[in-house]
Amino acid sequence: MNSGSLKVVADQVEPTPFQIPGATGGVFRIQILNEDAKAGVVTTIVHLPPGGRIPAHKHQAGSEMHFLLEGDMKEAGQEVALGTCLTHAAGVVHGPHESRNGAKLLTVQSWQSQNGDFDFEPAEEAGDTPKAEGKTQKVDQKAQEDARQEAAEPEHRGYT
């Protein structure tokens with residue numbers, strides 16, 4: 001393979017629990033396939049749990065693309081068919097993203113996380129997460145660890 005190229009087999013990347021500000025409905029997981037801060041790109045597979053919901057939000061760092069690989073999903077209340085590609089420009093509110101039975105999304109984004117700062121601005125009240133217009137959300141490292149421990153329990157693995 002050429003220098004500057006990358007080949008990753010998604011099945012060989014273990015899904016890791018992660019927390020999304022304001023998300024509800026279970027343990028969310030992510031497979032990081034490529035994160036290249038220099039190139040400004042991160043490619044992941046996001047696993048929405050059954051009943052999972054990510055509140056409406058926007059990203060200032062750049063555009064974002066989602067491709068529905070498996071499962072079911074609603075985007076802003078509308079059903080999304082398998083194989084659908086959704087693209088959102090920087091600063092554009094999108095979501096909420098919801099799944100009844102779980103879903104896997106291939107996601108390509110501009111670099112959005114660095115030193116614990118996550119470019120995620122909620123656009124609605126979600127649970128006890130306050131609106132944070134114009135501010136990035138700090139990733140709660142303890143919550144991340146708690147999510148990993150909870151996900152290690154057999155009844156929290158994967159989705160149906």
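Predicted model: local features only at pLDDT ≥ 70, side-chain atom pairs only at ≥ 80, totals over all residues.
Residues are numbered from 1 along each chain as its sequence is written, and side-chain values use heavy atoms, with hydrogens and water left out.

Glutamine 109 lies in strand 11, residues 103–110, where strands (E, at least two residues) are DSSP runs numbered from the N terminus. With a relative accessible area of 13%, glutamine 109 is buried; buried means under 20%, exposed over 50%, and partly exposed in between, with a 1.4 Å probe and protein chains only. The side chain of glutamine 109 is joined to that of glutamate 64 by a polar contact of 2.3 Å, that is, a pair of N or O atoms within 3.5 Å, where within protein one must be able to donate a hydrogen and the other to accept it, and residues adjacent in sequence count only if both atoms are side-chain atoms.

Six strands form an open sheet in the order 1-2-3-11-6-9, with antiparallel pairing, and two strands pair if DSSP finds at least two bridges between them. Strand 1 (16–18) and strand 9 (85–88) stand at the edges with a single partner strand each, so one side of each has no neighbour in the sheet. Within this sheet, strand 2 (residues 28–36) and strand 3 (residues 41–48) pair in the antiparallel sense over seven bridges, and glutamine 31 stands opposite isoleucine 45 in strand 3.

How many salt bridges does a search of the whole structure find? The search finds four, a salt bridge being a side-chain nitrogen of Lys or Arg within 4 Å of a carboxyl oxygen of Asp or Glu. One of them joins lysine 104 and glutamate 70, whose closest N and O atoms are 3.6 Å apart. Because lysine 104 lies in strand 11 and glutamate 70 in strand 6 (residues 64–71), this pair ties together parts that are 34 residues apart in sequence. Lysine 104 counts as buried at 16% relative accessibility, whereas glutamate 70, at 37%, counts as partly exposed.

Definitions and conventions: Helix = DSSP H or I, 4+ residues; strand = E, 2+ residues; numbered from the N terminus.
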